[in-house]
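Visitor: Could you take me closely through the aromatic rings of this model, and through the charged groups that lie over them?

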Amino acid sequence: MSRYNARVVEPKWQKAWEEADVFSAKRDENRPKYYVLEMFPYPSGRIHMGHVRNYTMGDVVARYKKATGFNVLHPMGWDAFGMPAENAAMDKGVHPGDWTYQNISDMRAQLKPMGLSIDWSREFATCDPEYYGQQQAMFIDMMERGLVYRKEAVVNWDPVDMTVLANEQVIDGKGWRSGAPVERRALTQWFFRISDFAEELLDALDGLTNWPEKVRLMQKNWIGKSRGLQFAFDLTTPAAGHDRIEVFTTRPDTLMGASFVGISPDHPLARALEADNPDIAAFNAECRRMGTSEADLETAEKKGLDTGLKVRHPLNPDWELPVWIANFILMDYGTGAIFACPAHDQRDLDFARKYGLPVIDTFLALDDPQPVTDTAFVPPKEQKVKWIDHFTGLDIATGDEAIEATIRLAESQGWGKGVTQYRLRDWGISRQRYWGCPIPVVHCPDCGVVPEKKENLPVELPRDVSFDKPGNPLDRHPTWRDTPCPKCGRPARRETDTMDTFVDSSWYYARFTAPHAKTPTVMEDAEYWMNVDQYIGGIEHAILHLLYSRFFARAMHLTGHLPKKAIEPFDALFTQGMVTHETYSTTGPNGLPVWHSPDEVELRENGAVLRATGEPVEVGPVIKMSKSKKNVVDPADIIDQYGADTARWFVMSDSPPERDVEWTAAGAEAAWKHLQRLWRMTSEIASADASDTVDPALERETARAIDAVTRGIEDFAFNKAVAALYAFANAIARSGAGAGARRRAMLTLAQLMQPMTPHLAEEIWQALGGEGLVSQAPWPKADASLLVDDTVTLPIQVNGKRRSEIRVPKDMSKEEVEKLVLADDAVIRFLKGREPRKLIVVPGRIVNVVV
RNA sequence: GCCCGAGUGGCGGAAUUGGUAGACGCAGCGGAUUCAAAAUCCGCCGCCGCAAGGCUUGCCGGUUCGAGUCCGGCCUCGGGUACCA
């Protein structure tokens with residue numbers, strides 16, 4: 001009997017698939033299509049286990065859908081622009097383009113041995129000029145459609161390197177290379193008007209019924225629709241050209257609890273006051289000495305400065321409130337100014353206590369009417385509370401009712417109006433970096449901002465750039481910037497900002513439907529292949545990437561690049577968990593941990609040691625595989641050692657796909673053993689006498705396996721499909737059926753495992769005389785009559801605890817079941833002669849005797 | 001800080017969605033085979049207890065004949081937080 005040698009078998013079948021052109025997708029109006037897409041990878045240079053898991057899941061779906069008769073589109077590409085290429089250029093002196101294309105070539109070589117059913121003829125990278133040129137064409141269309149504009153926005157500025165930093169490059173408020181405290185600096189930047197679509201993007205979430213509820217909820221909260229009141233506080237004396245401060249509040253009902261008015265350090269008034277107030281200038285400068293990320297802003301120590309200005313309360317002109325500048329007020333949300341109500345907002349309360357500002361209760365709890373001390377009283381808006389002398393005359397009412405009453409009052413008295421506000425901000429796409437899609441506009445001294453002519457697209461990145469100094473190489477390129485104005489032809493300068501890489505990934509799914517077209521998309525192809533029937537990727541993309549894509553598909557429709565039906569591009573979404581691994585560390589001479597990769601470590605019964613030196617190793621928590629902690633297992637090594645099927649089988653086993661999976665060497669070994677066992681069984685069956693004794697139990701197990709595996713794949717419960725395949729293999733191994741019957745069962749097993757382990761499935765299929773390729777065989781159907789049992793086991797509980805069970809015909813009447821139950825020994829024992837108080841019979845499920 | 005998740009034997013997990021908690025797999029233990037080992041095959045395997053029985057789904061409380069599942073309050077870990085992708 002030959003051992004199964006994946007190293008020989010896997011390339012053989014991959015070649016066979018390629019020669020038979022099994023996976024290329026061709027438009028065929030007569031066949032139903034199915035578009036499976038996994039989020040395309042960033043070409044870091046190595047595939048990691050997360051990729052293996054993601055692409056195996058997609059492949060299982062693609063192969064299964066193909067077997068059930070669909071014309072499947074399953075493409076692959078590269079999300080190839082981004083900062084790591086520029087970092088490599090700075091660190092290693094390589095060109096970002098060379099680095100990226102080399103990585104793509106390396107990763108493709110690592111991916112191909114996985115045996116994925118991908119149509120490689122559709123492959124592209126977002127850094128291909130053919131791709132980003134089409135993106136530029138759409139940008140111009142969107143400009144003309146009014147979906148694009150420019151405005152000032154703040155960035156992280158490294159004052160030493162004189163460069164813009166990404167949020168991730170700001171560590172504890174300092175630049176990651178220079179170590180200098182970063183500053184917030186305003187630049188004129190390009191924006192997409194995504195906020196115009198806030199209401200529509202929110203409403204349409206309800207239609208995404210095949211998306212995880214959690215993702216829809218996260219998007220809903222991100223869009224953040226809220227109703228509130230907009231009104232102004234009049235300054236007692238005008239200052240720096242301002243006579244009032246506009247505020248937006250979602251809690252106008254608490255207006256009598258106002259204790260101060262707060263404005264953002266970036267508020268126009270705050271900026272205007274800097275000119276002749278050094279204290280304010282210093283305070284604002286201090287506030288700007290921090291990163292721009294919301295997490296940083298929100299977790300920073302709350303600080304404020306009294307401007308000395310006063311405003312009048314709108315409900316009582318004699319009541320004057322101080323105006324403070326506070327570092328936690330965002331200029332991007334609402335009007336950049338608030339009124340603070342410390343009694344009913346914890347952050348305002350902390351601030352008020354810190355600076356000795358008044359705390360005024362406006363309502364009290366009905367059950368425990370205590371005034372606020374250290375904890376703000378913030379009940380849900382639906383909860384009824386007792387109002388203290390409310391200006392609308394309410395006494396006991398909910399927050400919602402009080403808010404509406406306040407808005408009505410303000411509108412009738414004319415001092416404020418009810419407005420709907422969204423948290424969602426417009427999408428800033430300007431990046432002051434080289435390795436991205438150039439924004440195709442020209443700045444002309446005479447004509448202003450002019451889009452490039454479409455026939456001049458793509459605006460290609462210049463090849464000759466240097467990364468020896470920080471900052472955007474496009475800015476200091478000697479000739480690339482100089483270009484004639486597309487309108488008047490006189491000398492002008494190109495825009496040097498490139499686009500956010502999220503733009504690239506907001507339409508690649510559409511490009512896959514016509515990847516080599518001379519236009520962004522081709523209507524007939526988009527019409528046939530869109531939408532993506534199943535999209536699969538990490539939960540980390542739940543908000544930004546998916547929301548941007550939803551917006552971009554709408555924008556593409558408005559500019560004639562996608563049909564109406566594609567404005568929600570992803571019909572179904574699945575978010576997978578991460579691949580994790582234990583961490584191993586020793587302590588270095590400086591007291592800091594030194595991390596070790598799993599292949600440097602030997603696991604022994606009494607602990608882990610370094611293979612090389614025998615030094616004991618600390619086994620740390622199981623976390624996401626990452627280079628910095630060295631807890632990575634290279635899929636290439638696993639594929640080399642065990643074969644792709646083992647890696648695929650392992651990542652589909654055990655852990656539910658939406659949850660994190662921990663890679664363990666033992667698990668990989670076990671997967672390999674199981675596949676070896678299947679091959680032994682196949683060899684045994686192939687060489688056995690062809691007796692055809694039928695085993696009814698095996699027939700039933702076959703039907704059950706087909707049913708369970710089908711449901712497992714349909715429901716994205718691959719771990720359950722795998723468990724059913726284990727059970728089926730055990731059933732075949734134990735069956736007393738003749739070789740003919742077991743051969744049939746084994747062929748069914750090959751079909752059922754084909755989506756997960758396609759190479760071994762082909763080998764088994766061939767060894768047992770299956771016709772053609774199992775990758776092209778139709779999906780097996782379960783004999784429904786074998787799936788039903790006519791008797792069931794009914795557990796009997798006494799007071800909710802299982803005490804006994806009876807086996808009864810499935811359709812036995814309640815009365816008969818009750819009789820049997822009361823005659824049951826265990827029940828009699830537990831009743832001890834007492835009458836049952838109640839007897840609950842759930843037909844076909846359970847019986848509960850209540851004593 | 002805010003938004004969204006997750007938590008079940010030694011381990012990964014299953015549980016027909018309110019009805020037998022622990023399917024399937026790993027590890028472990030016992031046996032068979034072998035000169036021996038590896039590999040393989042068979043069996044056992046939540047915890048406490050000799051047993052009867054009791055306990056058990058992160059913690060506390062509630063609803064219910066019945067809760068891993070529903071409700072309220074916590075704890076821990078993870079994802080996102082708009083320039084990481």
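Predicted model: local features only at pLDDT ≥ 70, side-chain atom pairs only at ≥ 80, totals over all residues.

Guide: A charge is taken to sit over a ring if NZ of Lys or CZ of Arg is within 6 Å of the ring centre and within 35 degrees of the ring normal. The charged end of R63 sits in this way over the ring of W17, 4.6 Å from its centre, and R185 lies over the face of W157, at 4.3 Å from the ring centre. Side-chain values use heavy atoms, with hydrogens and water left out, and residues are numbered from 1 along each chain as its sequence is written.

Turning to ring pairs, rings of Phe, Tyr and Trp (its six-membered ring) pair if their centres lie within 6.5 Å, with planes under 30 degrees apart counted as stacked, over 60 as edge-to-face and the rest as tilted; the count comes to 43 aromatic pairs. F40 and Y508 are stacked because their ring centres are 3.6 Å apart and their planes at 5°, and this pair links distant parts of the chain, 468 residues apart. With buried meaning under 20% relative accessible area (1.4 Å probe, protein chains only), F40 counts as buried at 9%, and Y508 is buried at 0%. Y131 and W507 form a stacked pair, 4.4 Å centre to centre with 15° between the planes, and both are buried. Ring pairs link F40, F124, Y131, W507, Y508, Y509, F512, Y535 and F570 into a cluster.

How values were computed. Chains lettered and ligands numbered in written order. Helix = DSSP H or I, 4+ residues; strand = E, 2+ residues; numbered from the N terminus. Buried < 20%, exposed > 50% of the residue type's maximum accessible area, 1.4 Å probe, protein only.
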